[in-house]
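Let's take a walk through this structure together, one region at a time. Have the sequence and the 3D view ready, and turn the view as you read.

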Amino acid sequence: MFAGWIGQNPGNTRHCQSQPEAAPAPTQAAPTPAPPPQQRASQTEAAPSLESAAASGDAVARYQLALQQLEDQRYSDAAALMRRAAEQGVPAAQRRFALMLANGEGVPANPAAARDWMARAAGNGNVQAMHDAGGMFINAESTPDFQAIAARWFEQGALHGLVDSQVNMALLFKEGFGVPESPADAYAWFTIAANAGDAEARNSAAELRPMLTPEQRAAAESVARNFTPRASRPEAQGEYPPQPWDNGALASPAQIARAQALLSQLGYQPGPADGMMGARTRDAIRSFRRAQGLTVSDQVDSTLISRLEQAAAG
């Protein structure tokens, strides 16, 4: 039974059919695929800004702009934009909006809606949301249904390689919480987490080992030894290829180098004036824009160059 359980689709081993309390986004809803990218402007056309792309409905732009608004502490604006991106099927936006609902960040706190949006993000492939959904359900009502849902999401996080989810699965099997009590399954998950470098899991596995038969130990250790995390889609984690509004891809090296030289002159420490759009350059641009009362972004354009030149001229 042990070796056959681990790695199965939890839908084949869980039989909880009840739904959590009603909320804006149903927990058990089928995953909503992210929309296909909108047609992009060609390299010969003017690239859209992040703001104009978000205004035109680009889901990724809305998510990225909402993150900037959060950084700028514009919580209400960020919540509205994050929800739009979440409704368009962006998994990372769904997770971030769930956290905003959980914390009352720009919106009234709503734990039920937070759980449901987190579960939707998890169902759409956001790995951290799998772990977060497990935590939200396990800390909500102590009912068999919620315990089973929590175990389902912790299992998915564990199968995707999240060590914290692996430890949680071990604890659930050790206590029989949301899953059948199984020291062998607990030992396997503790061992998998230990193999990933978790010292506490290694100690917990050592405590369980004497409780197992030689056959159980051998089966569990074989599963742990051969465990390979499931792959995840970068886009579902909020990691995107260069977008049309990403000036690291679209601004000319000469423009970037000019901006870097002026930023350096003004004391913003963008790094060398090499025409490359690195993290230090992006941070320097955002700091300058903030100080000048401009929209905070890392966009390099003629307006930015003009403001830099004016500031450098005194």
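This is a predicted model: local features need pLDDT of at least 70, side-chain atom pairs count only at pLDDT 80 or more; totals for chains, interfaces and linings use all residues.

Asp-58 sits in the loop between helix 2 (50-55) and helix 3 (59-71).

The chain holds 16 helices and zero strands. Of its 314 residues, 45% are buried. If you take the contacts between residues at least 6 apart in sequence, 55% of them join residues at least 24 apart.

Now return to helix 3 and follow it from end to end. Its 13 residues should span 18 Å at 1.5 Å a residue, and the end C-alpha atoms are 19 Å apart, which agrees. Helix 3 is largely enclosed by the rest of the structure, because 10 of its 13 residues are buried. Among these buried residues are Val-60, Tyr-63, Leu-65 and Leu-70, and also Arg-62, Gln-68 and Gln-69. What lies over them? The cover includes helix 2, helix 4, helix 5 and helix 15 (279-291).

Past the end of helix 3 you come to Gln-73, in the loop between helix 3 and helix 4. The phi of Gln-73 is positive, about 65 degrees, although this residue is not a glycine. Gln-73 has 57% relative accessibility and so counts as exposed. You can find another such residue by moving to the loop between helix 14 (253-265) and helix 15, where Gln-269 is located. Gln-269 is not a glycine either, and has a positive phi of about 55 degrees. At 62% relative accessibility, Gln-269 counts as exposed.

With neighbours within four places in sequence left aside, Arg-96 is in contact with Leu-67, Leu-70, Met-82 and Glu-105. One of these partners, Glu-105, is joined to Arg-96 by a polar contact of 3.1 Å between their side chains.

Next, look at helix 6 (residues 111-123). Helix 6 has 13 residues and reaches 18 Å from its first C-alpha to its last, close to the 18 Å expected at 1.5 Å a residue. How many of its residues are buried? The count is 11 of 13, and helix 6 is mostly covered. The buried residues include Trp-117 and Met-118, several alanines such as Ala-112 and Ala-113, and also Arg-115, Asp-116 and Arg-120. They pack against helix 4 (75-87), helix 5 (91-103), helix 7 (127-138) and helix 8 (144-159).

Moving along the chain, turn to a pair of helices. Two packed helices are described by the angle between their axes and the distance between the axes. Helix 10 (residues 183-195) and helix 12 (residues 214-225) pack at an angle of about 40 degrees, and their axes are 9 Å apart. The crossing of helix 10 past helix 12 is right-handed. On the helix 10 side, the contact is made by Ala-184, Tyr-187, Ala-188, Thr-191, Ile-192 and Asn-195, while helix 12 brings Gln-216, Arg-217, Ala-220, Glu-221 and Ala-224. By type, these contact residues divide into six nonpolar, three polar and two charged.

The last stop is Gln-255, in helix 14. Gln-255 has a relative accessible area of 32% and is partly exposed. From C-alpha to C-alpha, Gln-255 and Asp-301 are 7.6 Å apart in space, although 46 residues separate them in sequence. Setting aside neighbours within four places in sequence, Gln-255 is in contact with Val-300 and Ile-305.

Definitions and conventions
Residues are numbered from 1 along each chain as its sequence is written. Side-chain values use heavy atoms; hydrogens and water are left out. Axes are lines fitted to C-alpha atoms, for helices over the stretch in contact, and angles run from 0 to 180 degrees between N-to-C directions. Helices (H or I, at least four residues) and strands (E, at least two) are DSSP runs, numbered from the N terminus. A crossing is left-handed if the near helix is turned anticlockwise from the far one by less than a right angle, and right-handed if clockwise. Contact means heavy atoms within 4.5 Å. Ala, Val, Leu, Ile, Met, Phe, Trp, Tyr, Cys and Pro count as nonpolar, Asp, Glu, Lys and Arg as charged, and the others, Gly among them, as polar. The expected span of a helix is 1.5 Å times one less than its number of residues. Buried means under 20% relative accessible area, exposed over 50%, partly exposed in between (1.4 Å probe, protein chains only). A polar contact is a pair of N or O atoms within 3.5 Å; within protein, one must be able to donate a hydrogen and the other to accept it, and residues adjacent in sequence count only if both atoms are side-chain atoms.
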